[in-house]
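Subject: Structure handover

Hello,

I am passing on the structure below, with notes on what was found in it. Please read the notes with the structure open.

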Amino acid sequence: MAWRCLAATVPRDAAHLVEAAASGGGCLGSEVRPAGGEPWPVRQPWEEGPDPEPPPDLEVLAWFDAGADLTGPLARVGAILAGAPTARIEIREVREGDWEEGWRTRFRPLVLGGGLVVAPPWNAPPGALVVEPALAFGTGDHPTTRAALDAVIRLARSGGTCLDVGCGTGILALAAARLGMASEGIDTDPEAVRAARDNGRANDLPCRFDDRPLGALAGRYDLVVANLFAETHRRMASDLVRLAGRHLVLAGILEDRLPSLLDGVFSPLALGGIRHDGEWILLEWVRP
């Protein structure tokens, strides 16, 4: 398998605008990471003081079908970066093996609260939740995934049920399962479903992962979590509200999109909290 990748090295403040422009141009998935392939700076639970400052330059990667015409996305990204003379844009041809090898060089163990450690299989301490890099979003090194993981750790209740919407690698459902919940994950991307199932087997966790439409699910889950764009949250709002029995966690929201989710679209759930991580927002809703 092969893809076309629009890669842009940009000032930190422009990264979310570039990612949103690529998303609007039909990309299959995107990632924002520190320029140069370094991992995100993370404050571990035993460290004191404020979170480390994000690097000044970030790399935005947006993947498209191999035959995609990138004229439109390039024009939109170029317009955003017109005032950033040091920004760089290039198109890369990416093979599946290239993606996976890139993860191997950057993905390191991540220590979270509740004694949970997320790690790659080649560098996993005993008891870690093992996540194999694959063609799916969710390894713990992106701020939105870390925020969602923190929420799962805080809200998970042994014996409860969890639904991960847009599960990617399955990391959120697997974390909930490790904490004692009966977990399921759904995703429209067959590569994501395959990766999540592989990770479930690797961790010996009996999570169900498949491509069922959200509207086909019935009943309620104690915890529903979705790490998606704000526009997707809004489009799915009625089903997310219907399925959330106790808590609904929405991650992946850019700060300027927040008002679109606070206009009553998630009633009758009550807003339980708004958490900020740079330009990213996580919302917690509670059923009264």
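Sheet and helices

Three strands form an open sheet in the order β5-β6-β7, with mixed pairing. Its edge strands, each pairing on one side only, are β5 (110-111) and β7 (129-130). Strand β6 (residues 117-119) pairs with β7 in the parallel sense over two bridges, and V118 has L129 in β7 as its bridge partner. Strands count as paired if DSSP finds at least two bridges between them. Helices (H or I, at least four residues) and strands (E, at least two) are DSSP runs, numbered from the N terminus.

The model is predicted: local features need pLDDT of at least 70 and side-chain atom pairs count only at pLDDT 80 or more, while totals for chains, interfaces and linings use all residues. Residues are numbered from 1 along each chain as its sequence is written, and side-chain values use heavy atoms, with hydrogens and water left out.

Helix α1 (residues 15-24) has A15, H16, V18, E19, A21 and A22 buried (under 20% relative accessible area, with exposed over 50% and partly exposed in between; 1.4 Å probe, protein chains only). Among the elements that cover these buried residues are β1 (2-11), β2 (29-34), α2 (71-80) and β14 (280-286), where contact means heavy atoms within 4.5 Å. Just after α1, G26 has a positive phi of about 95 degrees.

Helix α5 (residues 171-178) is largely enclosed by the rest of the structure, because seven of its eight residues are buried. These are I171, L172, A173, L174, A175, A176 and A177. G180 follows α5, with a positive phi near 100 degrees.

Regards
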